[in-house]
Amino acid sequence: MSSTIRRRPVLTFYTRPGCALCKHVERLLRQLAAEGLADWHSVNIEDNPVLLARFGESIPAVAVEDGPIFEGRISEYRLRRALVSRLSASP
């Protein structure tokens with residue numbers, strides 16, 4: 001009997017200190033990880049001038065590995081749908 005181990009997508013969470021919306025998204029990412037839908041790490045955009053210029057007014061932002069980037073008010077439904085789609089497409 002063979003089993004297929006599916007690698008969970010990695011999410012990059014772009015944030016900055018004091019971001020109220022970011023706290024909500026962080027809770028969502030923790031929940032998605034607990035459910036086995038994704039792994040994630042956070043990046044403080046204030047530590048990188050290029051990221052600060054790119055995401056300064058668009059945080060929170062979540063980039064799905066090799067997939068879409070969700071910005072601002074992130075839809076839990078759309079993010080979950082993207083993750084499930086990636087999991088079902090992976091070998």
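Me: Buried denotes a relative accessible area under 20%, exposed over 50%, and partly exposed the range in between (1.4 Å probe, protein chains only). Why is T12 called buried?

Reply: The model is predicted, so local features need pLDDT of at least 70 and side-chain atom pairs pLDDT 80 or more, while totals for chains, interfaces and linings use all residues. Residues are numbered from 1 along each chain as its sequence is written, and side-chain values use heavy atoms, leaving out hydrogens and water. T12 has a relative accessible area of 14%, under the 20% limit, and is therefore buried.

Me: What makes the pair of T12 and H41 a polar contact?

Reply: Their side chains are 3.4 Å apart, and the criterion is N or O atoms within 3.5 Å, one able to donate a hydrogen and the other to accept it; residues adjacent in sequence count only if both atoms are side-chain atoms. T12 lies in strand β1.

Me: How do you know that the span of helix α3 (residues 76–89) agrees with its length?

Reply: Helices are DSSP runs of H or I, at least four residues, and strands runs of E, at least two, numbered from the N terminus. The expected span is 1.5 Å times one less than the number of residues; for the 14 residues of α3 that gives 20 Å, and the end C-alpha atoms are 20 Å apart, so the two agree.

Me: Which residues of α3 are buried, and what makes them line one face?

Reply: L79, A82, L83 and L87 are buried.
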